[in-house]
Amino acid sequence: MFIQLFFYLFVFILIPISGFANDYKTALIFGATGQDGAYLIEFLLEKGYTVHGVKRKSSSFNTGRIDRFYEHPAYKNRFFIHYGDLTDSLAVLHLIQKIQPQEIYNLAAQSHVKVSFDLPGYTAQTDALGTLNILEAIRSLNQQNCVKFYQASTSEMYGLVQQIPQTEDTPFYPRSPYAVSKLFSHWITKNYREAYGIFCCSGILFNHESPLRGETFVTRKITRFVAKKFLGSDDVLYLGNLHAKRDWGYAKDYVEAMWLMLQHDQADDYVIATGQTTSVKDFVDLAFQEIGVQVYWEGQGLDEVAKDSSTHQVLVRIDPRYFRPTEVEFLLGDASKANKVLGWKPKTTLKQLVQIMVQNDIELERKVSKSS
Ligand code: NAP
Ligand code: F7E
């Protein structure tokens, strides 16, 4: 009787409370070296997972965001990195066969919208067919009932928006090779769920940023510039479309939503967003406010400039090189379903996010100038 009681206490109370159950979970992450990969790895390691990340062969270092997990004593023997490329279907298959993960997160992508106009074929190979390579590997290995799959879908699929705000039911209208490729992945994920019963979820994530954001995305480009300005630079920042509006959240908050989707008892698709939209121009203002600089704007079109209200020095100019052949002008997400079903909501405001990014870039800039 006592033994039975202890067994129930252990299985139903102690294991769930301690998170001990996750010690036995193994996750495989494609796109481990990117912004979201780094936050997701940390999140899963903290939960007790064994994490296998996939990195591409590169002629220069591409593990800067995740190197610290190797050295961390708490993650010893629970974090592994493998070479792989989503376009190499055999390599994908062999990785899944060798690792036998319970959860697979597909974060790998050529993720730059503007670049996708220059590299449409490569973008489609990775962002569309790469996803199919994972799903086909799961099927060929007969893992349909053993593995859960997360696909990184995107608000870019709404493109020329058909409804405000955008929900899981809003019709898609992609506006770039990136978005078209991601739409293929979104639908093939749904199709493999319905056709083969694989536990597949797509997170339709709106823009999310952090100090680990790639430096060619607009928020990080701005915060890096503002940090340099704070430390005395005389440069001018060149931007493209200032009037585009985005629903910007914090990447660290968003990786939790990815995990929550795979813990739910039913596979489904979810919008993940803050419910607030802000223009690129307003993001510039917010970032400069963080270093105590008030900005005012003058001129129109290509002649629009931002100036420092105390020195009247020009801070920002327009460069049409950054315009896109077809632009996504407005995004605003409604994450009520994720809130209701998964209990997810964003924890970080845009003001806090800007603060985190600017302060981090100031520290980074200080380190760079000290070492040079
Ligand atoms: P990211 O920083 O650009 O990371 C992309 C990752 O994919 C990197 O690890 C990259 O490797 C890897 N990769 C690229 N091509 C690959 C290939 N052929 N095979 C294997 N790996 C490859 O992107 P992120 O911001 O973390 O976003 C993660 C995912 O969410 C992406 O799929 C993105 O499209 C999607 N998404 C992002 C947002 C956002 O606002 N951040 C919103 C919605 C959806 P390298 O490090 O070697 O380049
Ligand atoms: O552009 C405008 C640009 O490149 C945001 C990716 O993670 O989020 C990201 O895609 C807006 C656009 O992000 C510059 O025209 C102005 O309207 O930072 P971005 P994105 O295109 O929204 C989605 C959700 C993803 O899925 C993608 O993977 O800012 N903009 N001036 C500029 N953009 C850039 N990059 N550089 C500029 O100078």
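Helices H4 and H6 are oblique to each other. That is where we start in this predicted model. How do we reach that word? H4 covers residues 89–99, and H6 covers residues 120–140. Their axes come within 9 Å and cross at roughly 50°. An angle over 145 degrees would count as roughly antiparallel, one under 35 degrees as roughly parallel, and 65 to 115 as roughly perpendicular.

H4 brings Ser 89, Val 92, Leu 93 and Ile 96 to the contact. H6 brings Asn 133, Ile 134, Ala 137, Ile 138 and Ser 140. What classes do these residues belong to? Six are nonpolar, three are polar and none is charged.

H4 leads us on to a sheet. This helix lies across strands E1, E2, E3 and E4, and runs at about 165° to E1. Helix H2, residues 35–46, lies across E1, E2, E3 and E4 too. H2 runs at about 175° to E1. Find these strands by number: E1 is 26–30, E2 is 50–55 and E4 is 103–106.

The sheet itself is open and has seven strands. Their order is E3-E2-E1-E4-E5-E6-E11, and the pairing is parallel. Which strands form the edges? They are E3 (79–83) and E11 (269–272), each of which pairs on one side only. Neighbouring strands of this sheet are turned against each other by 20° on average, direction ignored.

Follow the order from E4 to E6. E4 and E5 pair in the parallel sense over four bridges. Tyr 105 has Tyr 150 in E5 as its bridge partner. Next, E5 (residues 148–154) pairs with E6 (residues 199–205). That pairing is also parallel, over seven bridges. Here Gln 151 stands opposite Ser 202 in E6. Is E5 enclosed or open? Six of its seven residues are buried, so E5 is largely enclosed by the rest of the structure.

Turn now to the other sheet. This one is open as well, with four strands in the order E8-E15-E14-E13. Its pairing is mixed. The edges are E8 and E13, and each pairs on one side only. The twist averages 25° from one strand to the next.

Take E14 and E15 first. They pair in the antiparallel sense over two bridges. Lys 307 has Val 314 in E15 as its bridge partner. Helices pack on this sheet. H8 touches E8 and E15, and its direction makes about 165° with that of E8. H10 touches E8, E13 and E15, and its direction makes about 150° with that of E13.

E13 and E14 are the next pair. Four bridges join E13 to E14 (residues 305–308), and the strands run antiparallel. Trp 297 has Ala 306 in E14 as its bridge partner. The two strands form a hairpin with six residues between them. In this hairpin Gly 299 takes a positive phi near 80°.

In a regular strand the side chains alternate between the two faces of the sheet.

H10 and H12 pack at an angle of about 60°, with their axes 9 Å apart. These helices are therefore oblique to each other. Their crossing is right-handed. Phe 283, Leu 286 and Ala 287 of H10 meet Leu 350, Val 354 and Val 358 of H12. By class, this contact has six nonpolar residues, no polar and no charged ones.

Note on methods. Residues numbered from 1 in each chain as written. Chains lettered and ligands numbered in written order. Predicted model: local features only at pLDDT ≥ 70, side-chain atom pairs only at ≥ 80, totals over all residues. Heavy atoms only, no water. Pairing = 2+ DSSP bridges. Axes fitted to C-alpha atoms, helices over the stretch in contact; angles between N-to-C directions. Contact = heavy atoms within 4.5 Å. Nonpolar A, V, L, I, M, F, W, Y, C, P; charged D, E, K, R; others polar. Left-handed = near helix turned anticlockwise from the far one by under 90°. Buried < 20%, exposed > 50% of the residue type's maximum accessible area, 1.4 Å probe, protein only.
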